Amino acid sequence: MKILVLISNVPDTTTKIRFTGDNKAFDATGVQWIINPWDELALTRAMELKEKGGVESITVANVGTKITEPTLRKALAVGADDAIRVDAEPLDAYFVAKQLAEVAKGYDLIMAGIEASDYNGSGVGGMLAELLEINSVSAVSGIDLTDGQLKILREIDGGTQTLEISTPVLTVVQKGIAIDPRIPAMRGIMMARKKPLKVVPAVEAETRTDFLSFELPAPKAACKMVEEDNAKELIRLLHEEAKVL
Amino acid sequence: MSVLVYTENWDGKFKKLSYEMVSFAAAIAKEMGSSLTALSIGHVADEELKSLGKYGANKVLNVQDDRFESLDNKALADAVAKAAEAEGAKVIIFAHNNEGKAIAPRLSVRMNAGMVSGVNGLPVSVEPFVVRKKLFTGKAFANIQIKTDVKVITFAQNSYEIVEQGGDVVIEAFDPQLSDDEFNTTVKETNKITGKVILTDAEIVVSGGRGLKGPENWGILEELAGLLDAGTACSRPVADEGWRPKEEHVGQTGKIIAPNVYFAIGISGAIQHLGGVNSSKIIVAVNKDPEAPIFEAADYGIIGDLFKVVPQLIDAVKEMKANG
Ligand SMILES: Cc1cc2nc3c(=O)[nH]c(=O)nc-3n(C[C@H](O)[C@H](O)[C@H](O)COP(=O)(O)OP(=O)(O)OC[C@H]3O[C@@H](n4cnc5c(N)ncnc54)[C@H](O)[C@@H]3O)c2cc1C
Ligand SMILES: Nc1ncnc2c1ncn2[C@@H]1O[C@H](COP(=O)(O)O)[C@@H](O)[C@H]1O
């Protein structure tokens, strides 16, 4: 089984968000870039499957400019065998999926995250599956592999389901797919330097959405405080003032 | 021309989310001067389908085909595409939940449509079509234009008021005519959690953090939740320690919820935690540390010992209920 893990390069989750030029663009000054947390967990699960046997190779792919290479190197250090970078600014989900469709052929299992933590698009995985005309499963919280057959655990409202599905398949993974992300070890970092990172040119593709402007949330009104020994007052406020109880 | 809204059912019933979505879709249809069609897949009785009319649906397409029970993403996207084509739909709306997120991106490719997910209010304008959504897990907003002729959006739950408006609704059987080989998902086993308020549906959520000290202390939170018909949630370390079931973990790496009230009890309010709850209408914090970041996100707060405060809250809720 050959696995492809899609890697989105995102600002560290504790980044203070700022915009520039009349709120028209994200201000990337001083930002620390990381592997999107869901993709990191997807890669972790792919590694676990490989260690159990039955996985031939794990490739990671990203659509991004040169600034994403440290993130891809980190994925190689965690344990991916090779990396592909499609050299383009990731303009919107459709554009990214079109680029990935060029490099995502020939894999049995493709793993995408449920959303990238920057634009929270929840789009690329499903779009790629449709472009490749392959099956997809979303809300995936577990993947197992026995004798070449995938067993997929999916979340449904108020429960879970175990599925079988033929390959090639794209899984959109979320909480539960792996517990703790793998951290690269020294040996992995050394080896990553020698692993192949292929840069491929972008293909012509349209964008279908435009980010017109960004905004920071309006400052919140101060928290209304109630005394510790007067908790009853809190319930009254919730009932009569906020009208939520 | 029409607007199409995908209305999922739960064992043959619609729920608040369905009516919220139809109300939202009806407002968009009105602004565009078009009609509103709802698409229902599964066994839903006519009476229940008719209820969608009360919130503004003009027509309901009713697909009854057991093969869709496996929720095969590809087949579902195909079925919605057929319905959208039949209706000449210009805007197609899903919920931003498991099912919507599974189908919408596939459908957008099928329909040559641009897609924006997690839209949290009416479009800023319909011509050009500009919508608003949260980014960076709630730390910012963006206005995004969809440039294509057909648009696909997913709607963030709890971001629109239900509007009853009455009106006639036509129910039509619809057969998307899919062949068997379009269905490739086989469900081997289904496990439903029963007897508990589903967290993502709950209007009130009572959530506990490490401040509770151990699983043996959860009784007071469960009692408060029970009195309020609330769901129970927890912070990540609490789930990691196994104090509470994993399904209860909320936050950036857990469930994302948007209840009317979120009670954060003994939770510090780390940024990753807030990412999962900051769409709640009202956040209430109980924490003994006045510097805890949760108070910056909260609307109401008590600085104090939760083991003293929660029992008082329980008594106050009992009293409120006794007074009707
Ligand atoms: C990549 C990443 C992803 C993460 N994702 C999530 C996530 O999805 N969800 C999540 O929750 N966390 C997540 N975290 C962890 C997060 O950073 C915090 O560590 C976590 O939320 C803290 O949990 P807590 O508030 O329960 O515990 P603590 O931070 O230990 O806070 C306990 C609080 O209880 C208060 N307290 C103690 N005793 C009492 C008492 N008797 N009465 C009243 N108050 C009391 C204390 O003052 C303190 O504020 C993530 C972290 C990382 C790095
Ligand atoms: N630029 C990108 N390159 C590679 N994969 C991506 C890229 N953007 C998004 N993805 C994948 O798609 C998932 C969902 O991202 P999004 O649709 O942007 O929220 C991510 O978790 C990644 O797995």
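Predicted model: local features only at pLDDT ≥ 70, side-chain atom pairs only at ≥ 80, totals over all residues.
**Ligand 2**

I began with Val124(A), where a polar backbone atom sits 2.9 Å from an oxygen atom of ligand 2. I call such a pair a polar contact when two N or O atoms lie within 3.5 Å; within protein, one must be able to donate a hydrogen and the other to accept it, and residues adjacent in sequence count only if both atoms are side-chain atoms.

Residues are numbered from 1 along each chain as its sequence is written, chains are lettered from A and ligands numbered from 1 in the order in which they are written, and side-chain values use heavy atoms, with hydrogens and water left out.

Back to ligand 2: I found a side-chain N or O atom of Asn36(A) 3.0 Å from one of its oxygen atoms. I then checked the cover: ligand 2 alone exposes 480 Å², and the protein buries 94% of that (accessible areas by the Shrake-Rupley method with a 1.4 Å probe; for residues, only the protein chains shown count as cover).

Which elements give two or more residues to the shell around ligand 2? They are β6 (57–64), α3 (93–103) and β8 (109–113) of chain A; I take helices (H or I, at least four residues) and strands (E, at least two) as DSSP runs, numbered from the N terminus. β6(A) has the largest share, with 3 residues.

I listed 19 residues around this ligand, the nearest being Asp39(A), Val63(A), Ala116(A), Ser122(A) and Gly123(A) (near means a heavy atom within 4 Å). By type, the shell holds 10 nonpolar, 7 polar and 2 charged residues. Here Ala, Val, Leu, Ile, Met, Phe, Trp, Tyr, Cys and Pro count as nonpolar, Asp, Glu, Lys and Arg as charged, and the others, Gly among them, as polar.

**Ligand 1**

Next I moved to chain B. Ligand 1 has 26 residues around it, and Ser235(B), Thr253(B), Ser268(B), His273(B) and Asn287(B) come nearest. Ser268(B) also places a backbone N or O atom 2.7 Å from an oxygen atom of the ligand. For the nitrogen atoms of ligand 1, I noted a backbone N or O atom of Leu306(B) at 2.8 Å and a polar backbone atom of Lys288(B) at 3.1 Å. Taken alone, ligand 1 exposes 990 Å², of which the protein buries 79%.

At least two shell residues each come from α6 (236–240), α7 (271–274) and α9 (306–322) of chain B. I count 6 nonpolar, 14 polar and 6 charged residues in this shell.

**Between the chains**

How many residues of each chain are in contact? I get 79 from chain A and 86 from chain B, with contact meaning heavy atoms within 4.5 Å. The area buried between them is about 7,000 Å², and carbon and sulfur atoms give 56% of it (the accessible area, 1.4 Å probe, that two parts lose on being put together, summed over both).

I also looked up 8 salt bridges between chain A and chain B (a side-chain nitrogen of Lys or Arg within 4 Å of a carboxyl oxygen of Asp or Glu). Lys232(A) pairs this way with Glu319(B), the closest N and O atoms being 2.9 Å apart. On the side of chain A that touches chain B, α6(A) gives the most, with 8 residues.
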